[in-house]
Amino acid sequence: MSSEHNNPRNPIRIGSRGSQLALWQANHILYALRDAGYHVELEVIRTTGDRMQQPGFVAPPNLDGKGIFIKEIEEALEEGRIDLAVHSLKDLPTKLAPQFTLAAIPKRADARDVWVCEPYWALHTLPTGGRIGTTSPRRRAQILALRPDVTFVEVRGNIDTRLKKLASGQCDALVLAAAGLDRLKRAEWVHQRFCPTEMCPAPGQGALALETRSPEHSIDESRDAYIRNAIAFLEHPHTRFAINAERTTLDALGGGCSLPIGAHCMPPADESGKWRMIAQVVAPDGEAMVQIDTEAPYNSDPIALGMSVADDLKSKGALDLLSVAAIQ
């Protein structure tokens with residue numbers, strides 16, 4: 001550990017959004033680094049995605065929906081105002097700009113989607129025409145495939161905001177990511193965790209991304225190498241493999257968060273086991289679905305696995321479903 005860089009006058013500066021969940025995630029990394037003996041501080045950065053959730057927001061022209069939660073944070077990273085960005089991995093585009101790198105991906109939390117509702121403890125118990133709060137095209141399509149009779153309510157904002165809207169009766173139930181509720185200890189109304197074969201999670205769901213400047217775009221080569229070395233112990237190889245496979249499938253399908261694509265890769269129990277990968281592409285009305293459920297040897301290449309899954313999805317008509325989704 002270099003005393004030149006590890007001192008209280010020049011701490012590792014972590015950049016994060018200011019939402020409750022984003023702060024939990026950033027502080028989780030901050031405390032891990034402090035426990036390892038590093039000096040660390042947190043800088044909160046307001047992003048376009050945060051401003052979009054405020055009343056009266058007017059979207060700028062040519063807004064890129066894929067980067068709305070990371071643009072300002074990456075600008076601070078590129079300019080050297082922060083050393084490390086902590087993101088929800090599913091917020092990142094499948095291809096990073098060359099000046100950045102995913103220096104570490106920690107062990108993933110529960111990647112599944114969950115049913116949040118107190119009166120009705122599972123999706124199948126919701127009365128006909130029940131109102132489900134979600135803005136995700138993927139979740140809407142997957143839910144309609146299971147329950148074509150339900151209706152949807154636009155529910156935006158952070159987890160607390162959504163839970164308050166549920167409590168006030170604006171919807172009958174929510175479908176959210178398990179990881180966020182678990183991390184904030186707000187899972188008291190969770191009574192169903194969807195199997196990935198029912199509702200396949202978004203690629204990268206439940207995982208964190210620790211983003212730094214890439215070696216080729218360093219501001220200070222020595223310090224940037226020190227930052228990457230400092231966070232290396234947080235890397236979880238099984239999660240990295242799974243994320244690479246999932247994001248490869250998403251990229252090969254040309255998708256993003258606005259299309260109904262799920263991809264989830266599960267690690268083997270040991271080196272004698274196999275990776276299992278599930279992927280779904282669903283028509284917006286839920287009436288048609290292409291699903292792949294495949295296995296790969298322990299020593300497989302994640303990129304090859306992701307491409308193979310994407311090719312299988314395409315061969316079964318996934319691109320036709322995505323073209324319909326893209327124009328709706």
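Student: Which residue with positive phi follows H1?

Tutor: This is a predicted model, in which local features need pLDDT of at least 70, side-chain atom pairs count only at pLDDT 80 or more, and totals for chains, interfaces and linings use all residues. Residues are numbered from 1 along each chain as its sequence is written, and side-chain values use heavy atoms, with hydrogens and water left out. Helices (H or I, at least four residues) and strands (E, at least two) are DSSP runs numbered from the N terminus. The phi near 100° after H1 belongs to Gly37.

Student: Within what arc do the buried residues of H1 fall, seen down its axis?

Tutor: Buried means under 20% relative accessible area, exposed over 50%, and partly exposed in between (1.4 Å probe, protein chains only). In H1, Ala22, Gln25, Ala26, Ile29, Leu30 and Leu33 are buried. The arc is taken from the directions from the helix axis to the C-beta atoms. These buried residues line one face of the helix, because they fall within an arc of 135°.

Student: How are the rings of Phe241 and Trp275 paired?

Tutor: Rings of Phe, Tyr and Trp (its six-membered ring) pair if their centres lie within 6.5 Å; planes under 30 degrees apart count as stacked, over 60 as edge-to-face and the rest as tilted. By this rule there are 2 aromatic pairs. For Phe241 and Trp275, the centres are 3.7 Å apart and the planes at 10°, so the pair is stacked.

Student: How many residues apart in sequence are the parts that this pair ties together?

Tutor: Both Phe241 and Trp275 are buried. Phe241 lies in helix H8 (residues 237-252) and Trp275 in strand E12 (residues 274-282), so the parts tied together are apart in sequence by 34 residues.
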